[in-house]
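Here is a short report for a first look at this structure. Keep the sequence and the 3D view open while reading.

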Amino acid sequence: MSPLRPDPRHPLSLGLLCGAGALLFTVLAAVAAGSPPGTTLNALWTSTAGNPFALGAAVNTAAAILLVACGFVIAFRANLVNVGGEGQFALGAVGATAVGVHLPESAPALLALPLVLGAAALGGAAWAAVAAGLLVRRGVNEIITTLLLNFIGLALLMLAVHDERLLRQPVTSAETLPQSEPLVEAARIPLLGLPGSPMTAAAVLALLGAAGTAFLLHRTATGLRLTAVGRGAAASRRLGVPVGRVRFGSLTAAGAFAGLAGGTVVASAPYVLADGIAAGYGFTGLVAGLLARGSMTALVLITLALGLLAAGGIGVQLAAGVPAAISQMTEAVLVLLVAGTALLVRTRPRARRTAGPPPAGPVPSAAPPEKGTAR
């Protein structure tokens, strides 16, 4: 094949084809629901790249998904599957709110914002540590424990925003919403200052998290231990690697990233903790982590696509009048297409080790074995 000819089985080419297939499915589903193709495409463009406000909101959503996915990739490198992103996200949001609403108004932003985000990461890590401890001490499967802890974490979030003794704002009338008071001004994530865009510094934080995750996995001894434990825990243990400590740390780090994502969402507009704030982030981050297959560049692109897809689905629903389930179906189709084409990615064959030049002179022939010697 000529080097200038594009390879249709390259991961980037497959990604573009999968995106085009998901877009085609969206248009066909909207046509089946009674919306003309032109109206659907215009609504998709207006609600994503064609609108600075919608694009900024989509990037903020993608930033939270990226943080959850980074934690998932760290645990997955140690052959652990963190299904508890939703619960860890919820506990991180609760921790961030508990700190952010009780800080004094005069607190400096350089102190308040790190405290809020640190409390979010600590809340998510503590929640994941429950499953990590059960895994290391009792051998309980982390998929089961993290999945079940999701329900408890979401229930705790619901309790926190419905009970006035916890985080619910004072009830002044029957119309008071079950949510917390707004975070103090210093605890809010600043905007990036783009014209007409609500994009916040959470996008920068998520990119730094992805870069830090890539450095951890590929350039540190910790990343090497994670890979060793993931590929062979028994062999790693015989070589002196603290398998239990590595597993506990990886799963706890995944919870910290998910909790940090919850903190970024709470610290963004409208700056309150409300019921349902964690819906979808944990499982979407899991899907993104699985589809990226360890590539942090692919992870960033996939989470951005999922964020744009979420924003585009809402825009199509409002502008074209199609059911909201179409956006969820499109996301499922995109996941199936990416997962199905993963087997078509061409892996580069390893270069064969070529032998050196033959020695000068005649090649000596092998002498026949003497009598009495073993062949």
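## Overall fold

The protein chain has 13 helices and zero strands. Along the sequence the pattern reads α-α-α-α-α-α-α-α-α-α-α-α-α. The model is predicted.

The protein chain holds 375 residues, and 43% of them count as buried. Take the contacts with a separation of 6 or more: residues 24 or more positions apart account for 74% of them. The accessible surface of the protein chain is about 20300 Å². Carbon and sulfur atoms make up 67% of that surface.

## The second largest pocket

Start with the second largest pocket. Its volume is about 620 Å³. Helix 3 (52–77), helix 11 (281–292), helix 12 (296–320) and helix 13 (325–341) each give two or more residues to its lining. Helix 12 supplies the largest share, with nine residues.

In total, 25 residues line the second largest pocket. Nearest its centre lie T61, L309, A310, A311 and I314. By class, the lining has 14 nonpolar residues, 10 polar ones and one charged.

## The enclosed cavity

How many cavities of 30 Å³ or more does a search of the whole structure find? The search finds one. The volume of this largest cavity is about 60 Å³. Helix 12 and helix 13 are the elements that give two or more residues to its lining. Helix 12 again has the largest share, here five residues.

The lining of the largest cavity includes T26 and L44. Also in the lining are L309, G312, G313, V316 and Q317. V322, P323, I326, S327 and T330 complete the list. The lining has six nonpolar and six polar residues, and no charged ones. L309 has a part in both sites: L309 lines the largest cavity and is among the residues nearest the centre of the second largest pocket.

## T252 in helix 10

Now turn to single residues. T252 sits in helix 10 (residues 243–266). Is T252 buried or exposed? Its relative accessible area is 15%, so T252 counts as buried, the cut-off for buried being under 20%.

The T252 side chain reaches the backbone oxygen of F248 at 2.7 Å. Setting aside neighbours within four places in sequence, T252 is in contact with A125, A128, A129 and A132.

## L135 in helix 5

L135 belongs to helix 5 (residues 109–138). L135 is buried because its relative accessibility is 11%, and buried means under 20%.

Which residues does L135 touch, not counting those up to four places away in sequence? They are L80, V140, E142 and R247.

## I152 in helix 6

Helix 6 (residues 142–162) contains I152. I152 has 45% relative accessibility, so it counts as partly exposed. That class lies between the 20% limit for buried and the 50% limit for exposed.

I152 and A90 are 62 residues apart in sequence. In space, their C-alpha atoms are 9.8 Å apart.

How values were computed. Residues numbered from 1 in each chain as written. Predicted model: local features only at pLDDT ≥ 70, side-chain atom pairs only at ≥ 80, totals over all residues. Heavy atoms only, no water. 1 Å grid on protein atoms, 1.4 Å probe; cavity = no way out; pocket = protein on both sides within 12 Å on 5 of 7 lines; lining within 4 Å. Points joined across faces, edges and corners; volume = space filled by probe spheres on them. Helix = DSSP H or I, 4+ residues; strand = E, 2+ residues; numbered from the N terminus. Nonpolar A, V, L, I, M, F, W, Y, C, P; charged D, E, K, R; others polar. Buried < 20%, exposed > 50% of the residue type's maximum accessible area, 1.4 Å probe, protein only. Contact = heavy atoms within 4.5 Å. Areas by Shrake-Rupley, 256 points an atom, 1.4 Å probe, with all protein chains shown as cover. Polar contact = N/O pair within 3.5 Å; in protein donor to acceptor, adjacent residues only side chain to side chain.
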